[in-house]
Amino acid sequence: MPERTFKIRGHYFPVCSRCTGLYIGAFSYFIYAYFFYVEYSLPILLLAILMVTPTFTDGFTQLLGFRESNNILRFTTGLIGGLGLGILIKSIKWMIIMGLHPL
């Protein structure tokens, strides 16, 4: 939907603003984790889950028709959720490689 995406010089992004934030957030975390060591632990996993929650809440309340979100809020919650998703993916990968159980 054109009103749910960013437009630059008359051209619309191919994905919505929330997805744009998710992609930027996740890829930013992957780049960060490539250059800096991150110690994955239960508190980091819980933080990552909390970071994904605003994205879910924003999208779900909009889907149910409780309110209408705007592009800045979509992008911001997507960015935070993307960072959380990146942390979750990397921590699950780390647990698999290290042979650890999550709890």
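The model is predicted, so local features need pLDDT of at least 70, side-chain atom pairs count only at pLDDT 80 or more, and totals for chains, interfaces and linings use all residues. Residues are numbered from 1 along each chain as its sequence is written, and side-chain values use heavy atoms, with hydrogens and water left out.

Start with the overall layout. The chain holds three helices and two strands. Helices (H or I, at least four residues) and strands (E, at least two) are DSSP runs, numbered from the N terminus. Along the sequence the pattern reads β-β-α-α-α. The C-alpha trace spans about 45 × 30 × 15 Å along its principal axes.

How much of the chain is buried? Of its 103 residues, 30% count as buried. Buried means under 20% relative accessible area, exposed means over 50%, and partly exposed lies in between (1.4 Å probe, protein chains only). Contacts tell another part of the story. A contact means heavy atoms within 4.5 Å. Take the contacts between residues at least 6 apart in sequence: 66% of them join residues at least 24 apart.

Now take the helices in order. Helix 1 has 19 residues. The expected span of a helix is 1.5 Å times one less than its number of residues. For helix 1 that gives 27 Å, and its end C-alpha atoms are 27 Å apart, which agrees. Its buried residues are Ser17, Arg18, Thr20, Gly21, Gly25, Ala26, Tyr29 and Ala33. They pack against helix 2 and helix 3.

Look at one residue of helix 1 in detail. Threonine 20 lies in this helix. Threonine 20 counts as buried because its relative accessibility is 8%. Which residues does threonine 20 touch, leaving aside its neighbours within four places in sequence? They are Phe13, Val15 and Phe75.

Helix 2 covers residues 42-63, which makes 22 residues. From its first C-alpha to its last it reaches 31 Å, close to the 32 Å expected. Leu45, Ala48, Met51, Thr55, Asp58, Thr61 and Gln62 are its buried residues. These pack against helix 1 (17-35) and helix 3. Glycine 65 follows helix 2, and its phi is positive, near 85°.

Threonine 55 is found in helix 2. Is threonine 55 buried or exposed? Its relative accessibility is 10%, so threonine 55 counts as buried. Beyond its neighbours within four places in sequence, threonine 55 is in contact with Arg18, Thr77, Gly78 and Gly81. Arg18 is also one of the buried residues of helix 1. Thr77, Gly78 and Gly81 are among the buried residues of helix 3.

Helix 3 has 28 residues, which should span 40 Å at 1.5 Å a residue. Its end C-alpha atoms are 40 Å apart, which agrees. The buried residues here are Asn71, Arg74, Thr77, Gly78, Gly81, Gly82, Gly84, Gly86, Ile87, Leu88, Ser91 and Met95. What covers them includes helix 1 and helix 2. Threonine 76 is found in helix 3 too. With a relative accessible area of 36%, threonine 76 is partly exposed. The C-alpha atoms of threonine 76 and proline 43 are separated by 23 Å, and the two residues are 33 residues apart along the chain.

Next come the cysteines. A disulfide is a pair of cysteine sulfur atoms within 2.5 Å. By this rule the count is zero. Cysteine 16 is in no disulfide; its nearest cysteine sulfur, that of cysteine 19, is 3.4 Å away. Cysteine 16 is partly exposed, with a relative accessible area of 25%. Cysteine 19 is in no disulfide either. Cysteine 19 is partly exposed, at 27%.

Finally, the largest pocket. On a 1 Å grid over the protein atoms alone, a cavity is a set of points where a 1.4 Å probe fits but cannot get out, while a pocket is an open set with protein on both sides within 12 Å along at least five of seven lines. Lining residues have an atom within 4 Å of a point. The largest pocket holds about 180 Å³ of space. Its lining is Ala33, Phe36, Tyr37, Val38, Tyr40, Lys90, Lys93, Trp94, Ile97 and Met98. Helix 3 (residues 71-98) gives the most to this lining, with five residues.

Methods:
Points joined across faces, edges and corners; volume = space filled by probe spheres on them.
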